[in-house]
Amino acid sequence: MTYAIETRALTKRYGRHTALDGMDLAVETGSVFGVIGPNGAGKTTAMRLLLDIIRPTSGDATVLGESPRAGGAALRRRIGFLPGELMLEGRVTGRALLKHYADISGSVPEGRIDELAERLGLDLSRHVRTLSKGNKQKLGLVQAFMHEPALLVLDEPTSGLDPLVQQEFLSMVREAQNRGQTVFLSSHVLSEIQSAADQVAVLRRGRVVKVGDVATLRASAVRRVVIEFTDVSADRIRTALGALPQLDHLAVVDGEVVHVTGTVEGHINSLVKAIAPFHVVDLRVEEQDLESSVITFYSSEAGDEN
Ligand SMILES: Nc1ncnc2c1ncn2[C@@H]1O[C@H](COP(=O)(O)OP(=O)(O)OP(=O)(O)O)[C@@H](O)[C@H]1O
């Protein structure tokens, strides 16, 4: 197994504030790896460390087999980077700017810039400072993808893109993967990661709190359950279900039909066993998308740190 990115206890502090706290990650070569987390979780900090834009307080990283610091410009050319905050102010056209970047990164295939711009619906003849946020983002994407680098590091790549362009971006990611490129991307919009990423790391307050493939994260996902019973009292149901450890937010409404709602984390086996003795007239189990699931995860963990 080879890794395009490995980090060992990678840590960045700003004064007393820890932006990234002992990150251990291994990103397989040729995979699409997503980092998700809310604003301020440390996603941008992690990416800047990998690009040697900032230096770690402690710990280290290997990117395409080299340390970001020692790899220098040669390593940088093998990475396509989309920064989170793209500053494009010049009085140049998109085409001129990309030509400038292409001269630096070298080896941009003939016609590649036009092909990518067309796919994303970007007008290359406009001055970059007149472009909208979404169009600047497209220019940033063309710049990151155009030289088909071994590794793509994309900070919030879909922010500002409309849904159709997001779909086009996702097919660019898949094509990059088919070519053997590795894609490391961040988002706080988890639905984007869900369809694109082989592996996902959940980052929260500078720490990796979960890593897994989308299927594994789903297996531990939080599901919403709705159950209706007849011929039983609400109290008996409360007693039967109240002790189940993975059942949360339990609400039992008394009536001719006893109505129960709650959330279950992980497998629903013990819930099914617990309701089996009663007369169940309806049972619905709704899987939340990864986004709601992880948000539930954050909120259930909230308050465990300062
Ligand atoms: N140069 C800096 N000086 C001081 N604190 C910083 C600096 N850069 C980042 N931080 C802090 O480090 C934490 C992590 O920031 P980071 O930008 O990595 O988060 P993020 O997950 O990328 O969030 P966002 O989606 O908002 O960009 C935040 O609390 C941020 O305020």
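Two strands pair if DSSP finds at least two bridges between them. Strands here are DSSP runs of E with at least two residues, helices are DSSP runs of H or I with at least four, and both are numbered from the N terminus. With those terms, Glu6 stands opposite Ala26 in S2.

The model is a predicted one: local features need pLDDT of at least 70, side-chain atom pairs count only at pLDDT 80 or more, and totals for chains, interfaces and linings use all residues. Residues are numbered from 1 along each chain as its sequence is written.

Start with the overall division. The chain splits into domain 1 (3-218) and domain 2 (222-287). These bounds come from an automatic or database domain assignment. Between the C-alpha centres of domain 1 and domain 2 lie 44 Å.

Strand S1 covers residues 3-14 and pairs with S2 in the antiparallel sense, over eight bridges. Ile5 stands opposite Val27 in S2. Leu10 faces Met23 of S2 in the pairing. S1 and S2 form a hairpin, with two residues between them. Gly15 sits in that turn and has a positive phi of about 60 degrees.

S1 has another partner. It pairs with S4, again in the antiparallel sense, over five bridges. Here Glu6 stands opposite Thr62 in S4. Glu6 also has Ala26 of S2 opposite it.

Together, three strands make an open sheet in the order S2-S1-S4, with antiparallel pairing. S2 and strand S4 (58-63) are the edge strands, and each pairs on one side only. Neighbouring strands of this sheet are turned by 15 degrees against each other on average, direction ignored. Helix H1 packs on the sheet and touches S1, S2 and S4. Touching means contact: two residues whose C-beta atoms, placed from the backbone, lie within 7 Å. The direction of H1 makes about 65 degrees with that of S2. Such angles run from 0 to 180 degrees between N-to-C directions, and the axes are lines fitted to C-alpha atoms, for helices over the stretch in contact.

Next comes the ligand. Which elements each supply at least two residues of the shell around the ligand? They are strand S2 (17-28) and helix H1 (43-50). H1 gives the most, with three residues. Of the 13 residues around the ligand, Tyr14, Ala19, Asn39, Thr44 and Thr45 come nearest. A residue counts as near a molecule or strand if its C-beta atom, placed from the backbone, lies within 6 Å of it. The shell divides into three nonpolar, nine polar and one charged residue. In this count Ala, Val, Leu, Ile, Met, Phe, Trp, Tyr, Cys and Pro are nonpolar, Asp, Glu, Lys and Arg are charged, and the others, Gly among them, are polar.

A second sheet follows. Six strands form an open sheet in the order S5-S6-S7-S3-S8-S9, and the pairing is mixed. Its edge strands are strand S5 (79-82) and strand S9 (207-213), each pairing on one side only. On average, neighbouring strands of this sheet are turned by 15 degrees against each other, direction ignored. S5 and strand S6 (residues 151-154) pair in the parallel sense over four bridges. In this pairing, Ile79 stands opposite Leu151 in S6.

Helix H3 (residues 94-105) has twelve residues. From its first C-alpha to its last, H3 reaches 16 Å, close to the 16 Å expected at 1.5 Å a residue. The expected span is 1.5 Å times one less than the number of residues. Gly106 follows H3, and the phi of Gly106 is positive, near 70 degrees.
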